[in-house]
Amino acid sequence: MKCIVCKHGHTKPGRMTSTLERGEATIVVKDVPAEICDNCGEAYLSEAVSVQLLEQAEAGIAAGVEFDVRRYQTAA
Ligand SMILES: [Zn+2]
């Protein structure tokens, strides 16, 4: 699809790193599947991936971690 941020690039399937902050906690999730703009680098997540990402980050926060780097887990 065409990038809506720079309006020039086109998105290609790739991987990105997402950082989520909640209060004192910072969760970094690597290898998140996304559509990435080949011009500006903007990453677009599908709704299913966004939900998964949030769930995984919330699980880390619920476990009481303050800083965690994890790899995105694809839903079974
Ligand atoms: Zn772009």
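In which sense do β2 and strand β4 pair, and over how many bridges? I looked this up in the predicted model and found the parallel sense, over five bridges, with β4 at residues 67–71. I counted two strands as paired if DSSP finds at least two bridges between them. Helices (H or I, at least four residues) and strands (E, at least two) are DSSP runs, numbered from the N terminus. Within this pair, I found V28 opposite V69 in β4.

**Ground rules.** I number residues from 1 along each chain as its sequence is written. As this is a predicted model, local features need pLDDT of at least 70 and side-chain atom pairs count only at pLDDT 80 or more, while totals for chains, interfaces and linings use all residues.

**β1 and β2.** I next checked strand β1, residues 11–22, against β2, residues 25–37. They run antiparallel, joined by eleven bridges. R22 has A25 in β2 as its bridge partner. The hairpin leaves two residues between the strands, and I noted a positive phi near 60° at G23.

**β2 and β3.** Then I followed β2 to strand β3, residues 43–44. Two bridges join these strands, again in an antiparallel run. I36 stands opposite A43 in β3. This hairpin has five residues between its strands. In the turn, I read a positive phi of about 85° at G41.

**Confidence.** I checked pLDDT, the predictor's confidence in each residue, from 0 to 100. The chain averages 94, and 97% of the residues score at least 70. Confidence is highest in β2, at 97, and lowest in helix α1 (residues 47–62), at a mean of 93.
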